[in-house]
Every structure is written in C-alpha cells, then in structure tokens.
Amino acid sequence: MKKMLWLVPGLFSAQLWASDCDNRCQLAEVSRYFKALDQVSRAGSTAADIDRLLEQLAPDVQYIHSNYQAHFDKASWRSAFLRNLKRGAYTNGPSQQQRVLRSIPGTNFMAVEYAHGVLKPDGSWQAEQPLLVLFGFHQGKISLVQELW
C-alpha cells in the first residue's frame with residue numbers, strides 16, 4: 001500500500017512505500033552517513049570521499065536546510081560539496097567527529113539529535129551544541145536529510 005507524506009508543505013513531498021528499513025536499519029544508515037560526512041569534512045578529503053557519501057544515499061535524495069535556504073537534489077548537493085572542497089572549507093582532523101546522541105524512529109523516518117564533538121586524548125568524546133535532523137528512508141536508503149537547526 002502506497003503512502004503520501006507531506007513533510008514541509010510546498011517545499012518537499014515524497015511518495016514512500018511500506019517500511020522496508022526497520023529501526024536498526026535506519027540507525028545503521030544514519031551512522032554510516034555521519035561517518036562518511038566526517039570523512040568529507042576532514043582536511044585532505046577528495047571528490048572520491050564526497051562520491052562515497054552520496055553513493056550510499058537514495059538516487060532521489062533531497063537535502064533541505066531552511067535556515068540556509070538549501071534545497072538540493074543529489075547532483076546539486078554534490079556540486080555544493082565540491083565548491084566547499086575547492087575553497088578549502090574542509091579542515092577537520094581525525095579527532096573531530098559527529099555522533100548520534102538520541103533518535104526517535106518512525107515509519108520511514110527517524111528524528112536524530114546529534115552533535116559535532118572532539119575525541120579527547122583520554123578517549124572521551126566532548127560534544128558541542130546538540131542539533132536536530134530528520135532522515136527519510138526509501139528502499140533501505142536515506143532519501144531525505146532535513147536539517148532543523
């Protein structure tokens with residue numbers, strides 16, 4: 001049975017099918033996303049790192065960040081990453097990591113509280129300000145990344 005969900009009226013709509021990625025699957029995909037995004041954000045990252053991140057996402061993925069007026073499909077999101085790479089925006093070291101703090105699973109969606117942070121020499125991780133993102137899923141892949149901060 002097909003479901004029609006409207007996330008942000010007039011901004012994004014998606015046809016989603018019955019859940020094919022349970023809560024564990026969703027959290028695993030979100031964790032892979034943040035790990036790949038960390039790699040893109042590191043000093044010395046390359047276009048291949050960007051491509052590895054985007055390859056794990058659905059072909060019709062949408063990235064939305066209303067505060068920055070960003071609404072990208074996969075191709076325009078790749079272009080934005082490449083522009084940032086070219087201007088030297090990615091300078092993080094290996095101790096800088098993003099981590100999931102909490103998650104609320106839903107059918108084909110997961111709300112995630114996450115934070116950027118630093119891995120300390122003693123092995124502890126110090127989080128910065130928590131942020132909120134909504135992930136949508138289609139056929140076991142992330143199809144929506146909607147930043148809500």
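Helix H3 contributes the most to the lining of the largest pocket, with four residues. Helices (H or I, at least four residues) and strands (E, at least two) are DSSP runs, numbered from the N terminus. At least two lining residues each come from helix H1 (23-41), strand E3 (62-65), strand E4 (70-72), helix H3 (74-86) and strand E6 (109-119).

This is a predicted model, in which local features need pLDDT of at least 70 and side-chain atom pairs count only at pLDDT 80 or more, while totals for chains, interfaces and linings use all residues. Residues are numbered from 1 along each chain as its sequence is written, and side-chain values use heavy atoms, leaving out hydrogens and water.

Now to the cysteines. Searching the whole structure turns up one disulfide, meaning a pair of cysteine sulfur atoms within 2.5 Å. Cys21 and Cys25 form this disulfide, with their sulfur atoms 2.0 Å apart. Why is the disulfide left-handed? Because the torsion about the S-S bond of Cys21 and Cys25 is about -100°.

How accessible is each partner? Here buried means under 20% relative accessible area, exposed over 50%, and partly exposed in between (1.4 Å probe, protein chains only).

| Residue | Relative accessible area | Class |
|---|---|---|
| Cys21 | 2% | buried |
| Cys25 | 25% | partly exposed |
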